[in-house]
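Please read the following report alongside the sequence and the three-dimensional structure.

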Amino acid sequence: MPYFRDRFVDQIVILTGAGVSAESGLSTFRDSDGLWEKHDPMEIATPEALARDPALVLGFYNARRGQLGDVQPNAAHRALARLQREFEGSVFLVTQNVDDLHERGGSGQVCHMHGELNSMLCAQCGASMPALPTFDQNTQCPHCGLIGSLRPDIVFFGEMPYHMPDIEALLSGCSLFVAIGTSGAVYPAAGFVRTARQSGAICVEVNKEASDVAGYFHHHYTGPATQQVDKLVQEILD
Ligand code: OAD
């Protein structure tokens, strides 16, 4: 039976953030060279920004989608996929990331609570579909035919993240919760550690520095995700 640090563990919930993809070459949001240092999130990642300046918002996400072809999953993505394959209990992976590096790193189950760059959404008919490589305010929805209704299938500030009831249920039942490469600045994800801890889970943070919610974790693996996730996964599987 699987044990971690002398505690029986059968259900694991992993939360990842931008730090897990940083060493693949994708910028985080709040580090010194992060995306929100260069752009005001309120001008890019809100429904109001999309209505006010669709060219700016759609262009920002087109550029980020375009970057995906230039980057590769790293050792942290691969280690998590290995954990999902080899752990004897269940491993639920929830990510705030909108990239596809967990999938390309071999993870079969990935819950994208903030949406995905490779998906687009029609605000008129509600259909979500694989994203065109680029689209703008003159692109026709392939589903309903309307022009100008397509948006990135990304959860903007002020919108409800996806799959929250499922995530909350899994957090309440897990015995190990691991947060990797996330600053703890954005809720509801930043509150997951409290839910898991209240439910009796061991809580582990992997980050190159302490997050805003570091005090809620029992254990800290401090350093680059490519090294620390591999170490943690090895310990869990041993
Ligand atoms: P942040 O940019 O807020 O935080 C990234 C975290 O990763 C920081 O705590 C860094 O210390 C850590 N980090 C950076 N490089 C690392 C490395 N190589 N190894 C380990 N840790 C590293 O990104 P998130 O927490 O993911 O939402 O941001 C949460 C949400 O805020 C995003 O999903 C996005 C953003 O606004 C939306 O756009 C809706």
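The sections below describe selected local features of this model, which is predicted.

## Cysteines

A search of the whole structure finds 0 disulfides. Cys125 itself is partly exposed, its relative accessible area being 34%.

Cys144 is likewise in no disulfide, and the nearest cysteine sulfur to it also belongs to Cys122, at 3.8 Å. With a relative accessibility of 38%, Cys144 counts as partly exposed.

Thr139 is placed in the loop that runs between strand E7 (128-130) and strand E8 (150-154). Although it lies in a loop, Thr139 counts as buried, at 17% relative accessibility. A polar atom of the Thr139 side chain lies 2.9 Å from the backbone nitrogen of Asp136. When neighbours within four places in sequence are left aside, Thr139 is in contact with Leu132, Leu146, Ile147, Gly148 and Leu150.

## Ser175 and its surroundings

Ser175 belongs to the loop between helix H8 (164-173) and strand E9 (176-180), and with a relative accessible area of 14% this serine is buried. Its side chain is joined to that of Asp10 by a polar contact of 3.0 Å.

## Backbone geometry

Most residues other than glycine have a negative phi, and most peptide bonds are trans. Against that background, which residues other than glycine have a positive phi here, and where do they lie? One is Arg5, whose phi is near 50°; Arg5 lies in the loop between strand E1 (3-4) and strand E2 (7-8) and, at 42% relative accessibility, counts as partly exposed. Another is His163, with a positive phi of about 65°, located in the loop between E8 and H8; His163 is partly exposed, with a relative accessible area of 42%.

The peptide bond that joins Tyr187 and Pro188 is cis, with omega at about 10°. Pro188 is situated in the loop between E9 and helix H9 (192-198).

Terms used: Residues numbered from 1 in each chain as written. Predicted model: local features only at pLDDT ≥ 70, side-chain atom pairs only at ≥ 80, totals over all residues. Heavy atoms only, no water. Disulfide = S-S within 2.5 Å. Buried < 20%, exposed > 50% of the residue type's maximum accessible area, 1.4 Å probe, protein only. Helix = DSSP H or I, 4+ residues; strand = E, 2+ residues; numbered from the N terminus. Polar contact = N/O pair within 3.5 Å; in protein donor to acceptor, adjacent residues only side chain to side chain. Contact = heavy atoms within 4.5 Å.
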